[in-house]
Amino acid sequence: MQKQVASCTKKVYTYYKDMCRKDDSMASEKELFVTKQYVPIGQPISQNDHTIIYKVKCVAEKGSPEGILKMYRKKNIKNLYTRLWQLDYSEWPHIYSVKYFDENTLVVEEFLQGATLAELMEQNKSKGIGMTEEQAYAIMDKLSECIAELLKLQPPIIHHDLRPSNIFVTKVGTIKLLDFVPEYTSKKKLTFRDILDTLGAIFHEMLTGKPPKHGKCTYHGRFTPVIEKCMEKNPEKQYSSVEEMKDELDYANTHDIKGNSGDAAHIPFWLTIPFQGTILAFEWILFTFFLSKKDYSTMSLFVISFCIHSALYALRRHAFMKENNVHLGLMRTFGPILALAGVLAVLFFAVMLIL
C-alpha cells in the first residue's frame, strides 16, 4: 500500500510540478497540498475531461481521516464551495478544504459510506426488481426536505445538476447532495418549476425504474397525484413550495389521495379479474355445454380459446404490474384467482346437472 501511495503521490507531484513551472511562487503551496496535506491513495476513482477524483488521506485533519479530492478542471467554483464550507450543512458532505490553482478548483470532502441513488437503482435493475413504494418514499421525503432547506437560505442554494448520480444515500439513510455547480456553468437558468419537475422525474424513476415518457407519468399508485403535480405545466395547478409538495407526499404515504387502495390503484378495468373472469366464465359455460352434448370438436375450440385468453390475460396483467411497479401482495394476487377457479367449478357442475 505504501508503494502504491508513493507512486500515486509522485504522479500527482509531477503533474503539479509541470503546471507550476511558470509560477514558482505558488509551487510549494500546491506541492504541499497534495503531498503532505491530502495525499492520494491509489489510482483515480474516476476521471473525465472535466473532473478527476481521488481517494485521499487527510493528513491535515484531526485523526487523518480518509476523504475525497475532486479537481474540477478549468473551472473556478471556489466561491461556491467556500460558501458550502462555511455553512457546513448536513445536506452535503463535510468539506475539509477548498483551493483554486491554475484555473482548477480542488475540493476535499469527507469520504461517505453508502451509494448514489443511481447506483442503488442500477443494483435493483440488475436483480430484476424495482424500489418498493416505502423505499422510494423514504428517499424522496429526505430529498425534498433537503431541497427545501437549501431554498430557505439567503441567497438560496440551488443544485443546478440534480440527478440520481448526484444524490448520495448513506448507510444510515441520510441524503447528501454531490457536485454543486454555479448557475453560470449550467445549461439554463433553473426556475422553481424546473426544480419541481426534476423532483417529480426522480421520484418517478425510483418507483418505476424509468424516467417519465414524454413528460407523462406512467406510474400508477398512491403517489401518482404528487408526481403529476410536480410535472404540472399550468402555473395555477403547481405546488407553491417544496414544503407543500412534501406535505402531500407525507399524506399520500398514509392515504390514497384519489380514494383507491394503495398499490392496486389505477389498474385498467380490462385487466381486472372481474372483467377477465366474465369472459372466461362465458367460454367455460360453452365448453361445459358442448362437453355434455359430447360434441368434442366444438368443445375443443372453446378449450383452446379459454387457454389462449387465460394466457394472454396473465401475461398482460404481469407486464402491467412490472412496468408500473404495482405490488398487490400474495393474498391480493392469488385470492381473486382462487375465487374465479371456485366460480368456474360451480358453473361446470351446475351446467352438467341441468343438462
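Guide: Welcome! In this predicted model, local features need pLDDT of at least 70 and side-chain atom pairs count only at pLDDT 80 or more, while totals for chains, interfaces and linings use all residues. Residues are numbered from 1 along each chain as its sequence is written, and side-chain values use heavy atoms, with hydrogens and water left out.

Visitor: What makes D141 and K246 a salt bridge?

Guide: A salt bridge needs a side-chain nitrogen of Lys or Arg within 4 Å of a carboxyl oxygen of Asp or Glu. For D141 and K246 the N to O distance is 2.9 Å, so the pair meets that rule. The two partners come from distant parts of the chain, D141 in helix α5 and K246 in helix α8 (residues 242–254), 105 residues apart. Helices here are DSSP runs of H or I with at least four residues, strands are runs of E with at least two, and both are numbered from the N terminus.

Visitor: Why is D141 called buried?

Guide: Buried means under 20% relative accessible area, exposed means over 50%, and partly exposed lies in between (1.4 Å probe, protein chains only). D141 has 15% relative accessibility, so D141 counts as buried. K246, at 18%, counts as buried too.

Visitor: Why is K55 called partly exposed?

Guide: K55 has 22% relative accessibility, so K55 counts as partly exposed. Its salt-bridge partner is E66, with the closest N and O atoms 3.1 Å apart. At 37%, E66 is partly exposed as well.

Visitor: How do you know which residues line the largest cavity?

Guide: On a 1 Å grid over the protein atoms alone, a cavity is a set of points where a 1.4 Å probe fits but cannot get out, and lining residues have an atom within 4 Å of a point. Among the residues that line the largest cavity are Y81, W92, E109 and D179. E109 and D179 also belong to a network of salt bridges with K70.

Visitor: What makes the lining of this cavity eight nonpolar and two charged?

Guide: Ala, Val, Leu, Ile, Met, Phe, Trp, Tyr, Cys and Pro count as nonpolar, Asp, Glu, Lys and Arg as charged, and the others, Gly among them, as polar. By that sorting, the lining of the largest cavity has eight nonpolar, no polar and two charged residues.

Notes:
On a 1 Å grid over the protein atoms alone, a cavity is a set of points where a 1.4 Å probe fits but cannot get out, and a pocket is an open set with protein on both sides within 12 Å along at least five of seven lines; lining residues have an atom within 4 Å of a point.
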